[in-house]
Amino acid sequence: MQDFDLFVIGAGSGGVRCARIAAQNGARVAIAERRHWGGTCVNLGCVPKKLMVYAADYGREIADAPSYGWDVAPVAHDWSTLISAKDREIERLNRIYVSMLEKAGVTLFTGDASFVDAHTVEIGPSELVPDASVQRVRAKNIVIATGSTPTRLNIPGAEHAIVSDDAFHLADRPERVAVIGSGYIGLEFAGIFAGLGSKVDLVFRQQNPLRGFDNELRAHLSELLPLNGIKAHPGRSPERIEKAGEIFRLHLEGGEVIETDCVFMATGRHPNLAPLKLDNAGVATWDGRIPAKQPDDATTNVPGIYAIGDVTDTYNLTPTAIAEGHILAERLFGEPGREWSFATTPKAVFFSQPLATVGLSEEDAVQSHDVDIYTSSFTPMRQTLSGRKGKTLMKLVVDAKSQIVLGAHMIGPDAPEIIQGLAIAITAKLTKRDFDRTIGLHPTSAEEFVTMRSLTRHVPRKAG
């Protein structure tokens with residue numbers, strides 16, 4: 001039986017970073033992966049999704065090109081070309097992740113890893129290596145970094161629906177898609193399919209999409225949905241799915257029926273803990289997740305066993321998982337180095353008009369602050385000649401007393417790139433005066449963030 005200082009279960013972004021940093025600090029490290037080196041983000045999430053967003057963006061740019069003088073012949077999108085190109089890129093990234101680990105001196109295991117006891121892990125046959133022999137290893141420290149997996153609704157006919165994992169490998173693009181759910185995944189894939197030519201219905205329980213984001217941005221996003229070829233069904237829940245020959249009927253509460261070629265459940269994700277046999281190690285869970293004290297403290301209830309990334313109940317984003325893994329590896333085997341500001345983690349939704357945000361929403365800010373709100377709404381210059389509809393919205397949330405900028409929010413072209421820069425300012429606790437004395441870069445959308453002089457409204461702290 002091999003013995004290691006650190007054994008990492010799951011080779012996603014967080015697990016790989018933790019293993020590499022630990023190995024670079026002299027630890028004997030091993031890592032096990034059951035399916036995809038690089039994890040969900042690289043294989044079934046952020047990276048392939050962003051490539052598909054780009055594909056949809058090109059369609060809109062081609063449609064707008066004649067207004068700028070381009071003589072564009074009629075074009076059509078070839079789904080199989082996109083999927084093949086995406087697969088080649090993912091295979092390249094898989095090899096890079098394996099190479100990084102090997103160069104760092106990490107021992108690699110392919111298979112399903114599960115606990116035998118608090119310091120022993122068994123690696124057995126997996127989806128990729130069904131005939132693998134069973135191996136056992138011991139480790140002083142074990143990190144659970146197995147990520148999450150899509151959640152299906154428990155409704156009749158749920159087996160007829162696809163989830164995000166399936167969407168990346170469809171043989172053909174469905175002409176009609178009914179997307180259930182309006183979180184990150186639902187919004188992004190609704191935009192992708194609509195941008196590539198599918199008729200899209202979006203079903204969600206709230207009155208506006210993207211629960212948890214700033215309400216003003218959510219309302220603006222609702223106005224953008226029909227402009228992007230998406231029919232919204234707000235305040236509705238699905239009741240059942242019927243298969244009728246080659247089509248599906250999605251029944252909603254209230255009696256409405258949507259006929260479609262594909263039902264896509266974008267109804268959240270849950271930690272991938274089932275294969276781990278946590279009970280053998282005594283690891284506690286709560287509401288299906290492993291409780292974490294803070295994002296920079298990955299300890300579980302069992303000494304020597306840690307949890308990072310989507311298996312925990314803190315942040316569930318690729319960059320935060322990477323930070324958690326890095327912090328843990330340095331704490332265990334090196335000198336504490338970098339610090340991360342988790343509270344000002346920027347977020348982005350890569351919809352047709354992307355949305356990005358950092359810091360506090362208005363609703364969160366008024367729980368503890370009197371706030372000043374600054375907003376700007378305008379037609380992006382790129383759309384002036386083409387006449388494409390849909391305005392950009394920008395928003396700053398400012399503490400009325402100290403004038404520290406608490407949050408920045410945007411929907412519109414280049415929002416993620418702009419907000420990443422503003423995340424530095426929010427993390428540094430810069431004030432509205434710092435924004436005001438910054439000279440804008442003209443002509444850009446980003447300059448609006450430093451030219452919003454007029455107060456839109458003052459909102460007092462919420463009573464109680």
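A cavity, on a 1 Å grid over the protein atoms alone, is a set of points where a 1.4 Å probe fits but cannot get out. Grid points are joined across faces, edges and corners, and a volume is the space filled by probe spheres set on the points. Rolling a probe the size of a water molecule over the atoms shows where empty space is left.

Before we use these ideas, a word on the model. It is predicted: local features need pLDDT of at least 70, side-chain atom pairs count only at pLDDT 80 or more, and totals for chains, interfaces and linings use all residues. Residues are numbered from 1 along each chain as its sequence is written, and side-chain values use heavy atoms, with hydrogens and water left out.

The structure has one cavity of 30 Å³ or more, and the largest cavity holds about 40 Å³. Its lining (residues with an atom within 4 Å of a point) includes Pro150, Ile185 and Phe264. By class, five of the lining residues are nonpolar, four polar and one charged. Here Ala, Val, Leu, Ile, Met, Phe, Trp, Tyr, Cys and Pro count as nonpolar, Asp, Glu, Lys and Arg as charged, and the others, Gly among them, as polar.

A pocket, by contrast, is an open set with protein on both sides within 12 Å along at least five of seven lines. The second largest pocket has a volume of about 280 Å³. Of its 16 lining residues, Leu422, Thr438, Ala446, Phe449 and Val450 are the closest to its centre. Helix 10 (415-427) gives the largest share of this lining, four residues. Helices are DSSP runs of H or I with at least four residues, strands are runs of E with at least two, and both are numbered from the N terminus.

Let's move to a pair of helices. The axes of helix 3 (residues 46-64) and helix 4 (residues 79-103) come within 10 Å and cross at roughly 145°. Axes are lines fitted to C-alpha atoms, for helices over the stretch in contact, and angles run from 0 to 180 degrees between N-to-C directions. Contact means heavy atoms within 4.5 Å. Among the residues that meet are Val47 and Leu51 in helix 3, and Trp79 and Ile83 in helix 4. The contact residues divide into 10 nonpolar, no polar and two charged.

Finally, UniProt lists "domain: FAD/NAD(P)-binding" (unreviewed entry) at residues 4-325. UniProt positions follow the numbering used here, feature names are shortened, and annotations may be inferred rather than shown by experiment. Residues 4-325 are 31% helix and 25% strand.
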